[in-house]
Amino acid sequence: MIFDFRLKVFYTVAQRLSFTKAANELFITQPAVTKHIKELEQQLSVQLFKRNGNNITLTTAGKILVQYADKIFQTYSALETELAQLNNLEAGTLHIGASTTVAQTILPKILAMFKKTYPEITFNFIQANTDQVSQMILDEKLDIAIIEGSSHSPQLAYSPFAKDEIVLVTRANNKLSKKAEINPKQLLEIPLVLREAGSGTLDVIYDALAGIEISPKDLNIEIQLESSIAIKQYLLYSETATFLSIQSVVSELKYNELSIIDVKGLEIFRTFQFIQLHGKNSKLIELFKRFCLANYNLK
């Protein structure tokens, strides 16, 4: 995007109300976020955030800027779209894939917007776990995909799409939900519902647990299921907990169906990534990637 990056930094902080989360999402340091916000406040001669310890809230000026930032980003997105169409990029076929969490929580909206913007572009879409999607890229059954795992193949090109956080959740109002925070040893006592082997989410969870010296073999795994949707349904009728993307439980948290349990010393962040074969690129693939980046997080 060609807009002032400081405005993007402000917008991300305003959405997350966290300098740390904004830094993670934008792939920059927290001091860099602070610097960009300070420079923007100086440029506009207003205070954009009220700071109270570790908590921040938008000032009146900040709320006004958020409203205009929404309009500015949408205008820039429309501009990029029209310029792309001048280059005859609005026709063709794309074979798109995504691992489960991305496919169920992020891509449906983006794909609908993409089709509306480029009605002459046709696409096939496949959902599978990270290992399966990666193999389909290697087999040239897919042109581009977005995955959630930490897998790496030297034959594939990886580029960042978005940051995500994985949290421990359980059914609201059960005995587990009353534990706002637990220590790692207490986690071993909780019956867990986890994703299946080959899941990128599962790989990221196991890597993070290794950092607090917890082995998968020590976990109390009640069942493993193949999708976040199935896991959430299981949670609602059991006394179990699970690790899920914060993206996949926004609605359930809002309506108090699920609750987050913090595990002391454990934070799980991961990067959703675009993957494609090295050397296999096209203007259509690049158009899709730019569209995803431009429209992710826009209202």
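Strand β6 contributes the most to the lining of the largest pocket, namely six residues. The model is predicted: local features require pLDDT of at least 70, side-chain atom pairs count only at pLDDT 80 or more, and totals for chains, interfaces and linings use all residues. Residues are numbered from 1 along each chain as its sequence is written, and side-chain values use heavy atoms, without hydrogens and water.

**Exercise 1.** Characterise the lining of the largest pocket.

*Solution.* 
1. A pocket is an open set of points on a 1 Å grid over the protein atoms alone, where a 1.4 Å probe fits, with protein on both sides within 12 Å along at least five of seven lines; lining residues have an atom within 4 Å of a point.
2. The volume of the largest pocket is about 1100 Å³.
3. Of its 40 lining residues, Arg-16, Lys-21, Glu-165, Ile-246 and Gln-247 are the closest to the centre.
4. By class, the lining comprises 17 nonpolar, ten polar and 13 charged residues.

**Exercise 2.** Is Ser-245 buried or exposed, and which side chain does its side chain contact?

*Solution.* 
1. Ser-245 is located in strand β10 (residues 241-245).
2. Its relative accessible area is 2%, so Ser-245 is buried (under 20% relative accessible area, 1.4 Å probe, protein chains only).
3. Its side chain forms a polar contact (N or O atoms within 3.5 Å, one able to donate a hydrogen and the other to accept it) with the side chain of Asp-164, at 2.9 Å.
4. Beyond four places in sequence, Ser-245 touches residues including Thr-101, Glu-165 and Phe-272 (heavy atoms within 4.5 Å).

Definitions and conventions. Helices (H or I, at least four residues) and strands (E, at least two) are DSSP runs, numbered from the N terminus. Buried means under 20% relative accessible area, exposed over 50%, partly exposed in between (1.4 Å probe, protein chains only). Grid points are joined across faces, edges and corners, and a volume is the space filled by probe spheres set on the points. Ala, Val, Leu, Ile, Met, Phe, Trp, Tyr, Cys and Pro count as nonpolar, Asp, Glu, Lys and Arg as charged, and the others, Gly among them, as polar.
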